Amino acid sequence: MEWLIWLGAAISVVGLGGLFWCIWRVWSARRAGLDDEALREVVRKVVPLNMGTMMLSVIGLMMVIVGISLG
């Protein structure tokens, strides 16, 4: 089950990278000095990606835990 641990870790890292991208995207929009509506639009577009990458990270961590439990 070692392969499950490594695969889960890789998936978690991809999800974590997506989370950092979401943070960077909103932060750069805030620094750009956008008005309230434009900033809300950026956040609206980022929220589904944020939730998806969080889910990807959780699935990866679950794979790691299952791999450790079965190994």
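Colleague: Is L7 buried or exposed, or partly exposed?

Modeller: Partly exposed, with a relative accessible area of 40%. Buried means under 20% relative accessible area and exposed over 50%, with partly exposed in between (1.4 Å probe, protein chains only). L7 lies in helix α1; helices are DSSP runs of H or I, at least four residues, numbered from the N terminus. This is a predicted model: local features need pLDDT of at least 70, side-chain atom pairs count only at pLDDT 80 or more, and totals for chains, interfaces and linings use all residues. Residues are numbered from 1 along each chain as its sequence is written, and side-chain values use heavy atoms, with hydrogens and water left out.

Colleague: Is W3 buried or exposed?

Modeller: W3 is exposed, with a relative accessible area of 57%. W3 is also in helix α1. Its C-alpha atom is separated by 10.0 Å from that of M63, 60 residues apart along the chain.

Colleague: And T53, buried or exposed?

Modeller: T53 is buried, at 14%. T53 is in helix α2 (residues 36-70). Contact means heavy atoms within 4.5 Å. Leaving aside neighbours within four places in sequence, T53 is in contact with G15, G18 and L19.

Colleague: How many aromatic pairs are there?

Modeller: Rings of Phe, Tyr and Trp (its six-membered ring) pair if their centres lie within 6.5 Å; planes under 30 degrees apart count as stacked, over 60 as edge-to-face and the rest as tilted. By this rule the count is zero.

Colleague: Which residue lies over the face of W27?

Modeller: A charge sits over a ring if NZ of Lys or CZ of Arg is within 6 Å of the ring centre and within 35 degrees of the ring normal. Here R31 lies over the face of W27, at 5.0 Å from the ring centre.

How values were computed
Helices (H or I, at least four residues) and strands (E, at least two) are DSSP runs, numbered from the N terminus.
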